[in-house]
Amino acid sequence: MSRPRLAAIDGLRLIAALAVLAFHYTVAWRIDGVRLPEHFLPSTVHVTIYGLLGVELFFLISGFVICMSSWGRTLGQFFASRVSRLFPAYWAAVILTGVVAMIFPLTGGVTDGGRPSVLDLAINLTMLQQPLGHDPVDGVYWTLFVELKFYLIMAIVLARGGLTYRRAVLLCAVWMTAAVFAPSLGSPALNALVISDYAPYFIGGIALYLIHRFGPAPLLFGITGLAWLVCLARVNDRMHDLGPKVPPWPGFVIITLSYAVLLLVALGYTDRIQWRWLTVAGALTYPLYLLHSRIGHTVIRAAYERLTAPVWVMITVTTLLMLGLAWLVHRWVERPLGRRLRDLVLTPPADRSKTAPPVRTPSVPAQAAFADDQPERVVTKPILVRLNRP
């Protein structure tokens, strides 16, 4: 039977994006170029510092949603879906951020504060600036390359004949083994290839989607539990990198709650949540993530130098401005260009010259932890599954 879209995931995505935004605005830079954020927000930074784990929640959701959107698709359809989802908003963000960075370069304790060159801007449009050895226009783009490697892994599975229960389970098992043992082998290339730092999040998301699609089973709960434990170990390392004054236990709680909420989604307990504003929230998440950091830092710095309002007011107003800019990019760039790009990728050149009007299909609002789509699913009655399920 047909089941509604998973609107709760849209809400989770917006929470993750706002958490990352809070971390970048209140922790990850020096507002005046000199003093630490604690000088301006002494009672806030000790909470918002954990906003960096919004990225981990993004990866967990991505494993769930990409597995869902890949099911029943060919490699070509998967490629068209990813290109049409990722690039329209990303191109707009690179151009807007690049122009702002060229006109208003930031100095003083900002990790992504230099003025990019025209070549850097052009290379960034490919989304391959990291492997090509060029600086990103915005520091947050590093996560996109992690996502691209995940898509490559999924593409390999699809190229072998499509995604099935057996292949998904084997992917989780083999990938988790490689991700756990790769750091001890001392090979940076292998670590990068298997995404050892973040693979457990993608794997956990895949296992949770299998629970959602096929019903609960001991094997799937075992994969999910193992992924959760490995994620806790990764979070412990991540918290220690922030310094000895940052206690790791709130990070454990955040990751555990993330798994728990997504498990509730997988088991169907959130299916009744169908608030329309959540669809808008999901649509804004990807452009908000792409746009908020460098442009937001520039706005906050300019406001600090010219106004006498409290810093928290400047940050709040900037957040609202970024949400508005994200909506404009979604409405006027992501939606129309995404449809055209998908048609361009899927339509053979010989068919583009035909004069017959294209068949219009219902549009699916942009979704995802970094632009994943979320089509409506046909789900059968939950049953226990075996490893030999085709």
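Predicted model: local features only at pLDDT ≥ 70, side-chain atom pairs only at ≥ 80, totals over all residues.
Trainee: Why is Ser-196 counted as buried?

Mentor: Buried means under 20% relative accessible area, and Ser-196 has 4% relative accessibility, so Ser-196 counts as buried. This serine lies in the loop between helix H8 (188–194) and helix H9 (199–214).

Trainee: Which residues is Ser-196 in contact with, leaving aside its neighbours within four places in sequence?

Mentor: With those neighbours set aside, Ser-196 is in contact with Ala-179, Pro-183, Asn-191 and Arg-234. Arg-234 is 38 residues away from Ser-196 in sequence, while their C-alpha atoms are 9.4 Å apart in space.

Trainee: What makes the pairing of the Ser-196 and Asn-191 side chains a polar contact?

Mentor: The cut-off for a pair of N or O atoms is 3.5 Å, with one atom able to donate a hydrogen and the other to accept it. The contact between the side chains of Ser-196 and Asn-191 is listed at 2.9 Å, and the pair is therefore within the 3.5 Å limit of the definition.

Trainee: How do you know that the length of H9 agrees with what its 16 residues should span?

Mentor: The expected span is 1.5 Å times one less than the number of residues, which for the 16 residues of H9 comes to 22 Å, and because the end C-alpha atoms of H9 are 22 Å apart, the two values agree. After H9 comes Gly-215, whose phi is positive, near 100 degrees.

Trainee: Why is H9 said to be largely enclosed by the rest of the structure?

Mentor: Of the 16 residues of H9, 15 are buried, so the helix is described as largely enclosed by the rest of the structure.

Trainee: What is the phi of Ile-195, and what is the phi of Met-127?

Mentor: Ile-195 has a positive phi of about 55 degrees although it is not a glycine, and Met-127, also not a glycine, has a positive phi of about 70 degrees. Ile-195 is found in the loop between H8 and H9, whereas Met-127 is found in the loop between helix H5 (118–124) and helix H6 (142–159).

Trainee: What makes Ile-195 and Met-127 buried?

Mentor: Against the limit of under 20%, Ile-195 has a relative accessible area of 3% and is therefore buried, and Met-127, with a relative accessible area of 2%, is buried as well.

Trainee: How do you know that Ser-62 counts as buried, and which side chain does a polar contact join to that of Ser-62?

Mentor: Ser-62, in helix H3 (residues 54–70), has 0% relative accessibility and therefore counts as buried. A polar contact of 3.0 Å joins its side chain to that of Glu-147.

Trainee: Which residues are closest to the centre of the second largest pocket, and how is its lining made up by class?

Mentor: The second largest pocket holds about 750 Å³ of space. Its lining comprises 32 residues, of which Phe-23, Val-27, Ala-28, Ile-49 and Leu-242 are the closest to the centre. Helix H1 (7–26), helix H2 (45–48) and helix H12 (276–306) are the elements that give two or more residues to this lining. By class, the lining has 20 nonpolar, seven polar and five charged residues.

Terms used. Residues numbered from 1 in each chain as written. Heavy atoms only, no water. 1 Å grid on protein atoms, 1.4 Å probe; cavity = no way out; pocket = protein on both sides within 12 Å on 5 of 7 lines; lining within 4 Å. Points joined across faces, edges and corners; volume = space filled by probe spheres on them. Helix = DSSP H or I, 4+ residues; strand = E, 2+ residues; numbered from the N terminus. Nonpolar A, V, L, I, M, F, W, Y, C, P; charged D, E, K, R; others polar. Buried < 20%, exposed > 50% of the residue type's maximum accessible area, 1.4 Å probe, protein only. Contact = heavy atoms within 4.5 Å.
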